[in-house]
Every structure is written in C-alpha cells, then in structure tokens.
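Hi,

Here is the structure I promised to pass on.

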Amino acid sequence: EMVQFHQSYSYEDFIQGYRPVSEGHFDRKDGVFLRFCDQARKMPEKDFFFVIDEINRGNLSKIFGELMMLIEADKRGDEHEVQLTYSKPGEHFSIPSNVHIIGTMNTADRSLAMVDYALRRRFAFFEMPPRFGSRFREQMKADGCPSQTIDRIVSRLTSLNEVISSDVNLGKGFQVGHSYFIDTPKGNLWKSGDKDAVFKSIIAHEVAPLLEEYWFDNADLAKE
C-alpha cells in the first residue's frame with residue numbers, strides 16, 4: 001500500500017476517526033494503515049510493505065499518534081497492543097510483525113526539519129543519490145537515446161552536481177537527479193525528433209528553473 005503525506009493529512013485518515021455519511025450522521029471509519037494491518041494479520045507468513053511518500057510533509061506526531069510506540073521494532077504483536085483514540089471499551093490495536101514501513105523524502109525539502117528526533121530513532125536511513133551509471137545508460141538506450149547524447153548528459157550532470165555538492169548553501173542533497181531524462185513507460189521522448197533539441201528543452205524548461213531557484217542571489221552562477 002502507498003500513501004502520500006501532506007499538511008492536511010490527519011490521524012483520522014491514517015488510523016481511525018469519525019466521518020460524515022450520506023444519511024446525515026457520523027460513523028467511525030478505519031484509516032488506510034489500520035485496514036492494511038488487518039490484512040497483514042490474516043497472512044502472517046507474508047511480508048507487507050507500507051510506503052509513505054513525502055513522509056516529512058505531514059504533521060507526524062499528529063498523524064501517528066499512539067503508533068509512535070507501536071512502530072518500534074520491539075513493540076510489534078498482540079502483547080504490545082494499545083487502545084486507540086477512538087477505541088471502544090476493551091478494544092485494542094497492535095501492528096503485526098510482518099508489517100514494514102518505508103518513508104521517502106527529499107532531503108533538499110525545507111520541511112525535513114519537521115521529522116523530529118523521536119521519529120528518526122524509529123527508522124533506519126538510506127541515502128539514494130542521483131545515479132548516472134550503467135543502469136541509467138541501459139535505460140536511456142532502451143528509451144531510444146543515442147550513446148553520444150547519453151555521454152553528454154552524464155558528463156554535464158556529473159559536473160553540475162559536483163558544483164552543487166561543493167556549494168556550502170546547498171550540498172549533495174540538492175543534486176539534480178536522473179529522472180529528468182528518463183522517458184515515461186508509454187512515451188516516445190527520445191525515439192523521435194532532434195535528440196539535441198530534446199536535451200536542450202529538458203535543460204531549458206526543467207533543470208534551468210531549478211538552478212535559478214538554487215542561485216537566486218547569483219544569476220551569473222546559475223547561467224553558467
């Protein structure tokens with residue numbers, strides 16, 4: 001299962017809460033994560049992965065609530081069940097041990113500061129920097145991009161990312177990623193037309209505005 005956090009995302013969306021229904025009253029509804037855990041509990045022999053995109057964009061303490069304790073690796077299973085905010089008397093909830101939570105975030109995003117230390121201690125962190133290696137080249141060739149253009153992209157972006165990484169006001173978290181150049185599954189970005197024009201269009205309309213934002217106080221550097 002996959003969800004995306006945002007500033008309006010709430011505990012009631014994620015765990016449980018009361019929602020209006022067409023009959024004119026409120027019913028208690030289970031949130032997406034609680035329903036996911038119920039599914040996982042029925043199939044303990046399988047691993048279940050819950051992906052939270054843009055995890056740092058939500059009010060995490062508010063969204064997770066009591067789950068701040070339950071998501072810890074040693075607090076899984078029925079022996080650690082707790083009552084939720086909207087639980088009925090005698091009703092308890094726990095996270096099965098076969099549920100794995102994956103959160104993704106862009107480290108260049110200023111809202112990264114909202115990921116407090118309490119939540120950080122409950123996750124292992126893996127950095128995934130832009131990659132312009134063999135897999136990128138293979139994918140670009142499959143998309144119809146010629147080797148000469150691929151070499152040009154790799155050379156230019158590698159040099160650009162070195163400048164970004166060395167900038168004290170930016171750093172490696174602001175590097176330009178490879179996804180700007182990867183075609184969509186049903187697209188024909190590189191399979192038709194002038195390849196040089198395609199490259200220049202991506203730079204002019206996608207990469208250049210990003211660099212102008214990075215160096216808004218140094219137009220000459222952005223242009224260079």
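Let me start with the cysteines: Cys-145 counts as buried, because its relative accessibility is 4% (buried means under 20% relative accessible area, exposed over 50% and partly exposed in between, with a 1.4 Å probe and protein chains only). Cys-37 is buried too, at 0%. How many disulfides are there? The count is 0, taking a disulfide as a pair of cysteine sulfur atoms within 2.5 Å.

Before you read on, bear in mind that this is a predicted model, so local features need pLDDT of at least 70 and side-chain atom pairs count only at pLDDT 80 or more, while totals for chains, interfaces and linings use all residues. Residues are numbered from 1 along each chain as its sequence is written, and side-chain values use heavy atoms, with hydrogens and water left out.

Now the aromatics. Searching the whole structure turns up 16 aromatic pairs (ring centres within 6.5 Å, using the six-membered ring for Trp; planes under 30 degrees apart are stacked, over 60 edge-to-face, the rest tilted). One of them is Phe-14 with Phe-33, a stacked pair at 5.1 Å centre to centre and 15 degrees between the planes. This pair links distant parts of the chain, with Phe-14 in helix α1 (residues 11–14) and Phe-33 in helix α2 (residues 32–42), 19 residues apart. Helices here are DSSP runs of H or I with at least four residues, strands are E runs of at least two, and both are numbered from the N terminus.

Phe-33 also pairs with Phe-50: the centres are 5.1 Å apart and the planes at 90 degrees, so this one is edge-to-face. Since Phe-50 sits in strand β4 (residues 48–53) and Phe-33 in α2, the pair ties together parts 17 residues apart in sequence. Phe-33 has a relative accessible area of 0%, so it is buried, and Phe-50 is likewise buried at 0%. Phe-14 is buried as well.

On to the strands. β1, β4 and β5 make an open sheet of 3 strands in the order β1-β4-β5, paired in parallel (strands pair if DSSP finds at least two bridges between them). β1 (2–4) and β5 (99–103) are at the edges with a single partner strand each, so one side of each has no neighbour in the sheet. The twist averages 20 degrees from one strand to the next. Between β4 and β5 there are 5 bridges, and Val-51 stands opposite Ile-102 in β5. Helix α2 packs on this sheet, touching β1, β4 and β5 (contact means heavy atoms within 4.5 Å), and its direction makes about 165 degrees with that of β4.

Gly-17 stands opposite Lys-29 in β3.

Lastly, the axes of α7 (residues 147–166) and α8 (residues 195–214) come within 12 Å and cross at roughly 10 degrees. Axes are lines fitted to C-alpha atoms, for helices over the stretch in contact, with angles from 0 to 180 degrees between N-to-C directions. The two helices are therefore roughly parallel (under 35 degrees; over 145 is roughly antiparallel, 65 to 115 roughly perpendicular, the rest oblique). Residues making the contact include Ile-153 and Leu-160 of α7 and Phe-199 and Leu-211 of α8.

Cheers
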